[in-house]
Amino acid sequence: LGVDVARGGSDRSVLCLRDDAAIRMIETSRNRSTMETTGAVIAAIRRYDISPAHVYVDVIGVGSGLVDRLLEQGYRVQAINFGMTALDSEQYANVRAECYGRVAWALNLLEGPTLAIPPRYEDLAQELTWARRQRTSSGQLRLEPKDQIRSRVGRSPDLADALALAFAASAAEPTVTVMTTAEQRTDANGGDGDDVGDDHWVELL
């Protein structure tokens, strides 16, 4: 279960549940309090019988309060900072790029996609085409910052980010990053770790 927490304005908080075959559930909301979002996550955990260890929450900004509240109630969810160093740091500039890379891999296998996006989630499929990419001077893949996507498209890719969070770990790979202290919950730039120029971007999917 990926949980992208809204930062206000037109952004949405999104819960995205997937398994190895398909997107199973997407729940969106606006203007929910941290307590209400906490309740929504707990309800999803109970309804779909999800292990808290398989719940991946965006911890940058207001997401840290959600993680704190869930931990306080005994739900040991995984706190993910998209701006942190990727597990495969040779290929990806940060965790955000790595998670999106896993999504692209699941949707674009040569033998056919392993992950299905049901027609009712066509907005998600559209958002997955928004983030452009570029290579750093070190050859790492880096994604277009969310602020630039918002300026270019008109809104934030909240659905796509929630799905990317749901790929923060897999059965074959360890957790990308687990935040355990308040100091770790804010990256150095106060954002998603993609503070680069807007030149030479290419489409991700």
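**View 1. The open five-stranded sheet of the predicted model.** The five strands of this open sheet follow the order β3-β2-β1-β4-β5 with mixed pairing, where two strands pair if DSSP finds at least two bridges between them and strands are DSSP runs of E with at least two residues, numbered from the N terminus. Because β3 (23-29) and β5 (78-80) stand at the edges with a single partner strand each, one side of each has no neighbour in the sheet. The model is predicted, so that local features need pLDDT of at least 70 and side-chain atom pairs count only at pLDDT 80 or more, whereas totals for chains, interfaces and linings use all residues. Residues are numbered from 1 along each chain as its sequence is written, and side-chain values use heavy atoms, with hydrogens and water left out.

**View 2. Pairing of β4 with β5.** These two strands run parallel and are joined by three bridges, and valine 57 has alanine 79 in β5 as its bridge partner.

View 3. Aspartate 58, which lies in strand β4 (residues 56-58), counts as buried at 2% relative accessibility, buried meaning under 20% relative accessible area with a 1.4 Å probe and protein chains only. Its side chain reaches the backbone nitrogen of isoleucine 60 at 3.2 Å. Leaving aside neighbours within four places in sequence, aspartate 58 has contacts (heavy atoms within 4.5 Å) that include Val3, Arg7 and Leu165.

**View 4. Helix α6.** Nine of the nine residues of α6 (residues 158-166) are buried, so this helix is largely enclosed by the rest of the structure; among them are Asp158, Asp161 and Leu165. Helices are DSSP runs of H or I with at least four residues.

Notes
Buried < 20%, exposed > 50% of the residue type's maximum accessible area, 1.4 Å probe, protein only. Polar contact = N/O pair within 3.5 Å; in protein donor to acceptor, adjacent residues only side chain to side chain.
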